[in-house]
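Subject: Structure handover

Hi,

Here is the structure for you to look at. My notes on it follow below.

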Amino acid sequence: MEKKRWFKRLQRYLAGIEGLISGLMRGYGLKRCNWTGWKGFQNYVSLSIVTFNLQKIASFL
């Protein structure tokens with residue numbers, strides 16, 4: 001199955017997601033969240049992702 005086309009595409013997709021997560025962790029300090037509670041954690045991660053995406057969009061302009 002590892003030689004099938006769908007499997008290789010899935011591997012590349014997962015590698016890309018891991019790369020984005022790694023970039024978020026290094027660039028935006030997602031290793032530690034100082035906001036309290038589950039809701040605070042969700043807000044912290046959401047804002048970090050929005051900031052990351054806005055910076056990627058700005059780099060294309």
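The protein exposes about 5600 Å², and carbon and sulfur atoms supply 60% of that area. Please keep in mind that this is a predicted model.

Overall layout

There are two helices and zero strands. The radius of gyration is 15 Å, whereas a compact globule of 61 residues would come in near 10 Å. Along the principal axes, the C-alpha atoms fill a box of roughly 45 × 35 × 15 Å. Burial is counted as under 20% relative accessible area. Buried residues make up 10% of the 61 residues in the protein.

Helix 1 covers residues 5-28. Its 24 residues should span 34 Å at 1.5 Å a residue, and its end C-alpha atoms are 34 Å apart, so the two values agree. Just after helix 1 comes Gly 29, with a positive phi of about 65 degrees.

Helix 2 runs over residues 37-60. It has 24 residues and reaches 36 Å from its first C-alpha to its last. That is close to the 34 Å expected at 1.5 Å a residue.

Where the helices meet

Which residues of helix 2 are buried? They are Gly 40, Tyr 44, Ser 48 and Phe 52. These buried residues of helix 2 pack against helix 1.

Ser 48 deserves a look. Its relative accessibility is 7%. The cut-off for buried is under 20%, so Ser 48 counts as buried. Its side chain reaches the backbone oxygen of Tyr 44 at 2.9 Å. Leaving aside neighbours within four places in sequence, Ser 48 is in contact with Leu 24, Tyr 28 and Leu 30.

The aromatic pair at Tyr 44

The structure holds three aromatic pairs. One of them joins Trp 35 and Tyr 44, whose ring centres are 5.3 Å apart. Their planes sit at 70 degrees. Edge-to-face requires an angle over 60 degrees, so this pair is edge-to-face.

Are the two partners buried or exposed? Tyr 44 has 17% relative accessibility and counts as buried. Trp 35, at 41%, counts as partly exposed.

Tyr 44 therefore turns up in two places: its ring pairs with Trp 35, and its backbone oxygen is reached by the side chain of Ser 48.

Best regards

Conventions
Residues are numbered from 1 along each chain as its sequence is written. This is a predicted model: local features need pLDDT of at least 70, side-chain atom pairs count only at pLDDT 80 or more; totals for chains, interfaces and linings use all residues. Side-chain values use heavy atoms; hydrogens and water are left out. Helices (H or I, at least four residues) and strands (E, at least two) are DSSP runs, numbered from the N terminus. Buried means under 20% relative accessible area, exposed over 50%, partly exposed in between (1.4 Å probe, protein chains only). A polar contact is a pair of N or O atoms within 3.5 Å; within protein, one must be able to donate a hydrogen and the other to accept it, and residues adjacent in sequence count only if both atoms are side-chain atoms. Contact means heavy atoms within 4.5 Å. Rings of Phe, Tyr and Trp (its six-membered ring) pair if their centres lie within 6.5 Å; planes under 30 degrees apart count as stacked, over 60 as edge-to-face and the rest as tilted. The expected span of a helix is 1.5 Å times one less than its number of residues. The radius of gyration is taken over C-alpha atoms; the globule rule is 2.2 Å times the number of residues to the power 0.38. Accessible areas come from the Shrake-Rupley method with a 1.4 Å probe; for residues, only the protein chains shown count as cover.
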